[in-house]
Amino acid sequence: MLQDHDRYIFMKLLSGRCPMSPEPLSRPSRIALRALRPAPAPVRPTPRATRWRVTGPADHPLVRHLRRQPYPAAGPEADVLVLGGRWPAGGAGVLLDAYQRAAGRQLTLVHDGAGGGSLLRGLGAGDGRPVGTVALGDPTPAALRRAAGLLAAPSAADELTVAADGTVHTLGWRAAPLPGRAPRFAGATVLVTGGLGGLGSRLAVALAAAGAVPVLLDVRTPDDAPPDVRRMLTLLRRRCPRARLLTLDLTDPAAARAALAGLRPTAIVHCAGRIAGGTGVRLGPAEVDALVAAKVATLETVLATVRAKRLRAVLTFGSLTAHGAHPGLAGYALANELLHRATARYAATHPGVRCCTAEWSLWSGAGMARQVARVAARHLGMVPVPVATGVAAATRLLAALVDAPPDEDLPDSLLVCSERPGTQGAWSGRPEGVPGVDAALVVPAGGDLDMAMRAVAEAAAGGAALIPDGTAGPGAPLLVRATVTGDGVDCVVRSGADPDGPALRSSRYRLLPAGT
């Protein structure tokens, strides 16, 4: 729900009708995909002397730096958990224990690449507690001084990254074309993990139709698969008699080595994983570790086992839950965050292999998150990714990775969500928990700007509502854009002829908890 500075309470648009218009809302059915590419967003947080209590390796540069400094006589208090460059075995238990010990104090996680902020943000958002995450790269004196001043920084939607020169940025997003080529795999072997899942099986069929020879890996057997997956397997065998299904537990490295010995795939598509959680659900360390193993350990086992000589591309299926704060899905969010980091590490050590993590929004009719997040997605106005649209896009993305020349600039990660094009703009709502993703609406000249700004703010906050077409008046149309920032939505009106020009009008709305 939104409220502006004049305490105007915005009524939700219900039952397909707008309370400010007697006209029924337009309901276009065509859904397209929108890709967002990560981009550093500079921030300038104010450093604060913090009364800290630190847990971490005694030889870590930040721990040594803190213990050499005079302890502040006053200031905010924070518990600090320091991790290294890789997520440790039993890391979920370490973080959950630190969170419990912090009690009412802020807990700030500082790491060199291990990650964990997604789990911490989900916990903090669920309990209304302050948390923070700081990523420290090169531990120069300037970086250490800056990191020490961020230990009590206010909770943010994503982690703060400190560069070697002491500058700080967080994760931003910019629109980007979704890479893709006409898929022509010409007999190439493509390994599909999670091959008996709803997405893996459908993707295998699409790859076979494009000439690939899919090899499906899954811990389940066809008898354990749901009817729709068994139908996909029948279709796959018709389209590609050479396709294979290997039943094995990828969390068992010895079994994987025995089953995958000699396999030389051209590409790997990683769809394996599990989901657990939901509203009001708090997972224990063992359950979180199991989610991480199903998503990350399986990938690392495959990458360490298959021969990389012919490997040209790795496409991993992640989730936008890796970013922002997701109470009830914090363990699943952690698994997807660590999947992204594992993919990036492999790419850094294998420059001849094109790697990309596609961080998807909710899928419609397939995928794991639909079982847990469908109701929340509807409430937030998210447009689910249609299965056919998403599978086609993933197939084209994999083809682009396989065929890309060395000098082509392809993203190593993408956030992919759906939007529903309407007569006055493309509406996607705000992917839940990801700030900076905006909504825009083209309004005819002479249109009601107050109504348009409220409606576009509601859309940016999650309620995808459409204003019916009006008769265009004289002059250029106007562009109303809303962007979620912190706990509010900023709206600006610009000339449609000069979308980057000066703001003609602006307004700000506060995000309020549902029911207020």
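These notebook entries record what I looked up in a predicted model of one protein chain.

**Ground rules.** I number residues from 1 along each chain as its sequence is written, and side-chain values use heavy atoms, with hydrogens and water left out. Local features need pLDDT of at least 70 and side-chain atom pairs count only at pLDDT 80 or more, whereas totals for chains, interfaces and linings use all residues.

**Overview.** I found twelve helices and 22 strands in the protein chain (DSSP runs numbered from the N terminus: H or I of at least four residues for helices, E of at least two for strands). Of its 516 residues, 53% count as buried (under 20% relative accessible area, 1.4 Å probe, protein chains only).

**Core.** I then looked up the largest nonpolar core, which has 46 residues (a set of buried Ala, Val, Leu, Ile, Met, Phe, Trp, Tyr and Cys residues joined through side-chain atoms within 4.5 Å). Helix H2 (91-102) and strand E5 (106-111) are among the elements that give it two or more residues. Domain 1 (40-170) and domain 2 (177-419) both contribute residues, so this core lies between them (the bounds come from an automatic or database domain assignment). Ile 268, one of the residues with the most contacts inside the core, touches residues including Leu 191, Val 302 and Val 314 (contact means heavy atoms within 4.5 Å).

**Helix pair.** I noted that H3 and H9 pack at an angle of about 160 degrees, their axes 7 Å apart (axes are lines fitted to C-alpha atoms over the stretch in contact, and angles run from 0 to 180 degrees between N-to-C directions). The two helices are therefore roughly antiparallel (angles over 145 degrees). Gly 117 and Leu 123 are among the H3 residues at this meeting, and Ala 330 and Glu 337 among those of H9.

Key
Buried means under 20% relative accessible area, exposed over 50%, partly exposed in between (1.4 Å probe, protein chains only). Angles under 35 degrees count as roughly parallel, over 145 as roughly antiparallel, 65 to 115 as roughly perpendicular and the rest as oblique. Lists of a residue's contacts leave out its neighbours within four places in sequence.
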